Number of protein chains: 2
Amino acid sequence: MPYFLKSKKLDFKADGPYVAVLSEPEAKRLGVQNNDDIEIRWGKHRVIAEADFTNSKVKKGEIGLFHEIWEDYPLKKGEVVQIKVLSRPASIKAIIKKLLGKRLNYEEIYSIIKDIVSRRLGRSEISYFVASSFARHYNDTELYYLTKAMAETGEQLRFKGKVVDKHSVGGLAGNRTSMMVVPIVASTGLVIPKTSSRAVTSPAGTADTMEVICPVQHSVKSIKKFIKKNNCCLVWGGGLNIAPSDDRIIRASHPLGIEPYNKMIVSIMAKKVAMGIKYLIIDMPVGPTTKIPNIKLAWDVERKFVYLGKRFGMKVKVKMTDAREPVGRGVGPALEARDALRVLQQHPLRPLDLEKKSIILAGELFELCGKVKKGRGRIRARQILESGEAWKMMQKIIKAQGGNPDIKADDVTLGAIKKRYFIKKNATIKEVLDTSVDDIARLLGAPDEKLAGIHIHQRIGSKVKKGDPSFTFYAQSKERMRLAEVALKKMKIFLFKKK
Amino acid sequence: MPYFLKSKKLDFKADGPYVAVLSEPEAKRLGVQNNDDIEIRWGKHRVIAEADFTNSKVKKGEIGLFHEIWEDYPLKKGEVVQIKVLSRPASIKAIIKKLLGKRLNYEEIYSIIKDIVSRRLGRSEISYFVASSFARHYNDTELYYLTKAMAETGEQLRFKGKVVDKHSVGGLAGNRTSMMVVPIVASTGLVIPKTSSRAVTSPAGTADTMEVICPVQHSVKSIKKFIKKNNCCLVWGGGLNIAPSDDRIIRASHPLGIEPYNKMIVSIMAKKVAMGIKYLIIDMPVGPTTKIPNIKLAWDVERKFVYLGKRFGMKVKVKMTDAREPVGRGVGPALEARDALRVLQQHPLRPLDLEKKSIILAGELFELCGKVKKGRGRIRARQILESGEAWKMMQKIIKAQGGNPDIKADDVTLGAIKKRYFIKKNATIKEVLDTSVDDIARLLGAPDEKLAGIHIHQRIGSKVKKGDPSFTFYAQSKERMRLAEVALKKMKIFLFKKK
């Protein structure tokens with residue numbers, strides 16, 4: 001349907017596409033949405049411009065054109081131009097197609113993800129895409145297409161050597177195994193370009209914890225340098241433009257308050273593909289408070305991880321663990337950093353559960369990529385840790401990333417305001433309530449107040465006596481300590497066995 | 001999960017619910033969305049407040065509370081309160097349920113519509129609801145629930161007597177039959193509280209056309225007065241709070257660029273239910289350029305209209321017409337008003353197709369509500385029109401609504417700038433291109449410039465000779481005329497039969 005408007009020169013410039021501005025009623029008539037492409041024709045000329053709206057600069061019957069068009073084309077002021085709204089983005093058609101229950105091919109899926117990244121699709125449109133993943137089944141091939149498209153629409157890194165990684169699907173307090181797995185693995189010459197996230201709803205992410213020891217925000221260029229030097233890094237993955245559609249999709253799905261499992265799997269795998277990972281261990285804590293509450297779901301998620309890995313030539317192993325209490329003693333960035341340093345430095349007070357889990361995961365990775373024979377992975381990992389090789393590698397990482405490599409575990413500064421609680425009567429610990437630990441740590445100020453958090457002195461099965469320490473709160477302000485104290489009156493950290 | 005924050009007094013008042021303000025990071029942690037309900041507890045007190053965000057007035061660890069809470073409750077400044085995010089609105093759960101393909105009951109559907117009307121659901125959430133109507137089948141019962149909920153969440157009018165209506169699903173140029181049907185029908189004592197819409201994408205709606213003759217924007221109170229006096233009215237339906245969810249749903253579905261048929265049926269019926277209609281004729285033009293392009297679809301739509309009517313005790317008849325050209329000669333508010341007045345005043349130049357269609361629809365309505373025997377409806381309608389009774393009733397409507405009841409058809413002012421086109425060679429008209437007619441009328445300025453539009457001198461089947469008038473353009477400004485002239489070079493109004 002052709003349409004005619006009188007051109008008007010606007011004294012604006014846009015760095016990017018040509019911009020055409022319509023009055024809102026005109027846009028409404030034409031059915032033009034913000035950022036739609038419109039074709040402008042006059043004489044022999046044809047220009048594609050992005051539509052924008054205004055009610056002040058442009059009247060009905062007019063089309064305002066930004067500076068660049070007037071510079072680039074012979075257009076007279078007031079010339080009547082023919083305009084045509086180009087059909088809606090193919091991605092919208094693809095979204096509707098999926099909503100209607102049809103299979104999508106790669107071009108269609110790519111168009112959706114590309115338009116999300118380039119912001120051609122707005123939040124409302126992305127909602128329709130997210131809705132399709134609730135309402136309709138995406139089969140394995142479609143999940144592969146999604147993963148591929150998400151990886152390919154951002155930065156893609158490729159490193160020389162055997163590139164391996166370890167990823168936790170999360171949802172468990174503590175559990176900072178990456179800080180051991182990375183140096184153990186890198187000590188053997190394997191390449192492990194580890195990017196981690198910051199906490200969103202938890203008291204600390206690996207990036208928050210590592211940041212207690214050294215800077216974690218680095219450019220892609222620096223990351224390449226770290227890898228060249230040490231085979232590894234431990235950096236924050238945000239801001240690197242790795243699978244950038246992920247963030248916007250997550251934001252659009254907030255109103256629903258749930259993340260579909262397929263979405264989680266695809267997000268993780270897209271990032272691993274973009275990072276060029278070839279061998280991947282997935283740490284999957286299965287338990288009532290984690291992201292994967294039951295074993296049946298765990299099997300399905302495992303199958304999909306392995307399938308997607310295969311499509312990209314990546315060997316994936318999912319290591320499930322029964323998750324019923326925090327891993328490590330501290331919860332909060334500084335406390336978790338201290339735990340990790342204690343393990344690396346083989347400190348007498350190191351948390352043995354965190355050490356063990358790290359050794360298991362590193363060992364699995366060794367076996368997965370053929371570094372050692374089946375059954376020898378843990379032994380090798382333990383050797384590297386106990387011999388001090390892992391700590392030496394961690395020192396190199398810290399130095400490369402700009403921290404002090406001579407830091408001792410007990411040098412880690414903790415919140416100056418401290419309160420220790422004690423066991424009130426002899427008993428055996430039946431449960432450590434993971435979610436209460438998380439809540440208290442956040443009330444104390446974690447993750448933003450890095451020195452805040454909670455240290456748990458007891459574990460499931462501990463036989464405790466009246467007067468034993470139970471847990472210690474650390475805070476950076478009295479206010480925060482007060483909040484946690486009040487909260488503690490209404491919640492429990494431990495459950496005890498009945499006699 | 002309990003959570004504790006320090007209360008802070010904010011010097012704001014809200015007319016309505018209590019308001020609690022969180023810092024954005026705090027809200028993020030808690031997973032609180034704007035307008036979520038949160039529970040605040042301290043001592044023996046418990047208050048439900050609506051969440052709002054800020055980054056300036058409230059720091060992390062604090063909760064800002066509006067004035068009213070401090071007035072109504074004994075709360076000390078700085079008191080630590082326990083807060084809990086109440087579960088997401090039930091409507092969100094219902095939307096997810098439907099996305100997952102389950103049936104919804106009335107309470108669930110009502111919660112969605114109610115939360116749309118009360119703005120508890122935002123645009124993104126409404127998108128998920130619209131998505132569900134694409135992805136999942138709403139069965140007849142669910143459509144009934146939707147219609148009922150949409151009607152009940154707005155104003156509901158009830159009039160004495162036999163309350164009838166006529167509605168066109170639209171999509172055809174001209175077709176202003178309401179302006180005849182209403183006075184014909186009301187002349188017999190039937191009650192017809194006609195509300196019409198303004199044009200959105202077309203050159204004129206009935207409200208725009210009627211407004212050429214008299215004001216159409218009236219309060220519910222005035223409408224009741226009109227009905228009491230004349231049994232009828234011809235007013236604009238916007239702004240009356242009739243089925244108010246409709247507008248917001250339409251806006252949320254804009255990105256997709258298509259309106260599901262079920263959505264259209266439900267919208268129309270909800271408004272009729274809210275107006276208390278008991279007998280309804282649906283004018284359904286079926287043709288390539290109308291909203292209902294084929295007969296199979298027409299049958300399905302018809303079935304649903306009749307079914308929904310039955311559920312509400314409303315007799316509905318769908319009158320399908322083969323739609324291949326505009327109905328009436330003029331397109332544009334003033335030109336269409338002139339056509340309608342010409343029919344009402346039995347002017348020699350009145351468009352007979354418009355007259356005939358109006359008589360058919362009024363006749364169907366007479367038969368549907370038992371006013372006359374089967375087969376006698378058209379005769380009765382024609383009598384009323386030809387005897388001048390219909391015009392007399394229209395004069396009463398015009399007078400009641402504040403216009404000049406003595407207006408003559410030829411008194412209608414048309415655009416001062418006029419250009420007549422002529423047939424270039426002898427031929428027979430094969431097609432009048434409805435969409436071209438629409439486009440030209442809009443280019444000339446309709447519907448906002450009420451005097452603008454196009455008058456078509458020929459119809460399908462007309463045998464025309466060189467020099468006969470073909471069509472006349474009317475505009476209020478030279479600029480607009482220019483636009484239409486340029487456009488005409490690239491499009492056709494008529495197709496001619498090959499010899």
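How many bridges join β13(A) to strand β17 of chain A, and do the two strands run parallel or antiparallel?

Tutor: Six bridges join β13(A) to β17 (residues 469–475) of chain A, and the two strands run antiparallel. Before going further, note that this is a predicted model, in which local features need pLDDT of at least 70 and side-chain atom pairs count only at pLDDT 80 or more, while totals for chains, interfaces and linings use all residues. Residues are numbered from 1 along each chain as its sequence is written, and chains are lettered from A and ligands numbered from 1 in the order in which they are written.

Chain A has 18 helices and 18 strands; these are DSSP runs numbered from the N terminus, with helices being H or I of at least four residues and strands E of at least two. Its C-alpha atoms fill a box of roughly 90 × 55 × 45 Å along the principal axes.

The two strands belong to an open sheet of four, in the order β12-β15-β17-β13 (chain A), with antiparallel pairing. Two strands pair if DSSP finds at least two bridges between them. β12 (330–331) and β13 (417–422) of chain A are the edge strands, each pairing on one side only. Across the pairing of β13(A) with β17(A), A:R420 stands opposite A:T472.

Two helices pack on this sheet. Helix α17 (residues 434–443) of chain A touches β12 and β15 (453–456) of chain A, and its direction makes about 140 degrees with that of β15(A). Helix α18 (residues 478–488) of chain A touches β13 and β17 of chain A, at about 145 degrees to the direction of β17(A). Touching refers to contact, meaning C-beta atoms, placed from the backbone, within 7 Å. The angles run from 0 to 180 degrees between N-to-C directions, with axes fitted to C-alpha atoms, for helices over the stretch in contact.

A:L444 touches A:I454, A:F473, A:Y474 and A:A484, among others, not counting residues up to four places away in sequence. A:L444 and B:L444 have the most contacts inside the largest nonpolar core, which has 322 residues. Such a core is a set of buried Ala, Val, Leu, Ile, Met, Phe, Trp, Tyr and Cys residues joined through C-beta atoms within 7 Å. Of the 499 residues of chain A, 54% count as buried, that is, with 20 or more other C-beta atoms within 10 Å of their own.

Conventions:
A residue is buried if 20 or more other C-beta atoms lie within 10 Å of its own, exposed if 12 or fewer, and partly exposed in between; C-beta atoms are placed from the backbone.
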